[in-house]
Amino acid sequence: MGWLSELVEERGAEALDLHAQTINPQFVKLLRTIGFDRRWARAQGAYLWDEDDNRYLDLLGGFGMFNVGRNNPRVREALVEALGLERPGSVQLGVDSLPALLAEELLRRVPSSVERVLFTSSGTEAVEAALKLGRAASGRTRVLSAEHAFHGLTLGALSANTAPEFTSRFGPLLPGFEQVPWNDLEALERQLAREDVALFIVEPVQGKGVNLPADGYLARAQELCRRYGTLFCVDEVQTGFGRTGRLFALEHWGLEPDLITVAKSLSGGYVPVGALLMTDFVYSRVFDSLPNAVSHGSTFAPNDLAMVAGLATLRELDEQNLVERSARLGDRLLERTRPLEERSVVHEVRGLGLMWAIEFEEPDGGSRTWKLLERIQPGLFSQLVVVPLFRDHRIFSQVAGHGLNVLKALPPLVVTEDDLEWFVSALEETVARAEKMPRALVRFAVVAARAGRTPRRKLARA
Ligand SMILES: Cc1ncc(COP(=O)(O)O)c(C=O)c1O
């Protein structure tokens, strides 16, 4: 046994205490409060196992980074092979073939409007690149985003986000940023018509709440951007790589953006990665001379292992037909869960591919308990479902955004029909129980809300 295996075996059981001592005690307190304080032993595909070898179904999917499944063996093999090759990555003043090979593979899969790739190490950095390059290329400064958008937590990306739970305490944010209501073309056109907007950045399906675009919204938004000289940026960080039943969600509407941001599942969940895909127009307006040849970048991007994982992930998506599988299983999940809309507390079940959500609402005729929960913390009812799903059914899910009564699922695309049945029957039972709002469950939620008020944000991420 190597030193690493020994270390993990010796100290693994201390994970929660050690994290609390050295990293984030508030987060550990939150996990303990809501009963998510498992000691995780291993993971594979769509499952996690705790130290007692109980298997959990992972509908969180690492916030959408495990489309090809956790610890995918073929991506791992490629990484092990790459380490053995002792490749000359990150020469910095020099280039290697792997980034260009991954760029080539990405460009083969996106609309031909896009011709260049800039690699980053995360989604938020891809968004930062879009904002910077979009401003320089257009010669304009204003940036529009949609209400309820989530584009990351660095200052630029955060400036495109209106949610106070993320933005307050961190201001002032960048000047020139404004939000328009989601699905509102008139509001968008009013802003664009000023002809001073550098770019409009939009998620094709909003991660926070799993909000689907209205028919024609995105195509018309693109048209309006073209008309008024604004760059159209589609943020595929969460929706990319098969999540919505197409390799990229923009394919559902035949979009041809100027800028596309990707990250998360591109490296199979193994290595931090991100990329900005852009038109030649954007590229050549920014990197327009020798002094400007390195106008934007960062030390670790492109990282060799991220490139290898990216190449292996794209192969895996193709060879295992995971995009088609996402479309098929997504349809199945919707079909099996739509009947829940009959329940008095269920407002809507919605989704695209394997990006799925159920939204709760106060039952017809009103409910005093519902009102009490909302008063203590908006969106608290959804915890009456998320917590028992985890505790009683070993299903790992999340609330789809701060203050929202929406439960969201982003399972690895390798999930099986049996897994979906596991989820459907657990959900039916849990929603039926939560609908009665039994006193013990409500008390638990109230205590949890009071104890974990601040850090709950982490669970309710995009
Ligand atoms: C649509 C979207 N854009 C950007 C980001 C930020 O990505 P990262 O967490 O890798 O910085 C996220 C993360 O959830 C996202 O969902």
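This is a predicted model: local features need pLDDT of at least 70, side-chain atom pairs count only at pLDDT 80 or more; totals for chains, interfaces and linings use all residues.
Twelve residues surround the ligand. Among them, Gly 123, Thr 124, Asp 235, Gln 238 and Lys 264 are the closest. When the shell around the ligand is sorted by class, six of its residues are polar, four are charged and two are nonpolar.

The largest nonpolar core of the model contains 110 residues. Within this core, the residues that touch the most other members are Phe 200, Trp 356, Phe 381 and Phe 423. Leaving aside residues up to four places away in sequence, Phe 381 is in contact with Val 345, Phe 360, Trp 370, Leu 373, Asn 405, Ala 434, Glu 435 and Met 437. Another core, of 22 residues, lies apart from the largest one and includes Leu 118, Ala 129, Ala 157 and Ala 198. In soluble globular proteins, nonpolar side chains tend to be buried together.

Leu 420 belongs to helix α17, which spans residues 417–435. The relative accessible area of Leu 420 is 4%, so this residue is classed as buried, the limit being under 20%. Beyond residues up to four places away in sequence, Leu 420 touches Leu 329, Leu 333 and Val 415. Arg 336 is 84 residues from Leu 420 in sequence, while the C-alpha atoms of the two residues are 8.8 Å apart in space.

Helix α3 comprises residues 25–34. Its buried residues include Phe 27, Val 28, Leu 30, Leu 31, Thr 33 and Ile 34. The N-terminal end of α3 is capped by Asn 24, with a side-chain oxygen 3.2 Å from the backbone nitrogen of Gln 26. Just after the helix, Gly 35 adopts a positive phi of about 80 degrees.

Definitions and conventions
Residues are numbered from 1 along each chain as its sequence is written. Side-chain values use heavy atoms; hydrogens and water are left out. A residue is near a molecule or strand if one of its heavy atoms lies within 4 Å of it. Ala, Val, Leu, Ile, Met, Phe, Trp, Tyr, Cys and Pro count as nonpolar, Asp, Glu, Lys and Arg as charged, and the others, Gly among them, as polar. A nonpolar core is a set of buried Ala, Val, Leu, Ile, Met, Phe, Trp, Tyr and Cys residues joined through side-chain atoms within 4.5 Å. Buried means under 20% relative accessible area, exposed over 50%, partly exposed in between (1.4 Å probe, protein chains only). Contact means heavy atoms within 4.5 Å. Helices (H or I, at least four residues) and strands (E, at least two) are DSSP runs, numbered from the N terminus. A polar contact is a pair of N or O atoms within 3.5 Å; within protein, one must be able to donate a hydrogen and the other to accept it, and residues adjacent in sequence count only if both atoms are side-chain atoms.
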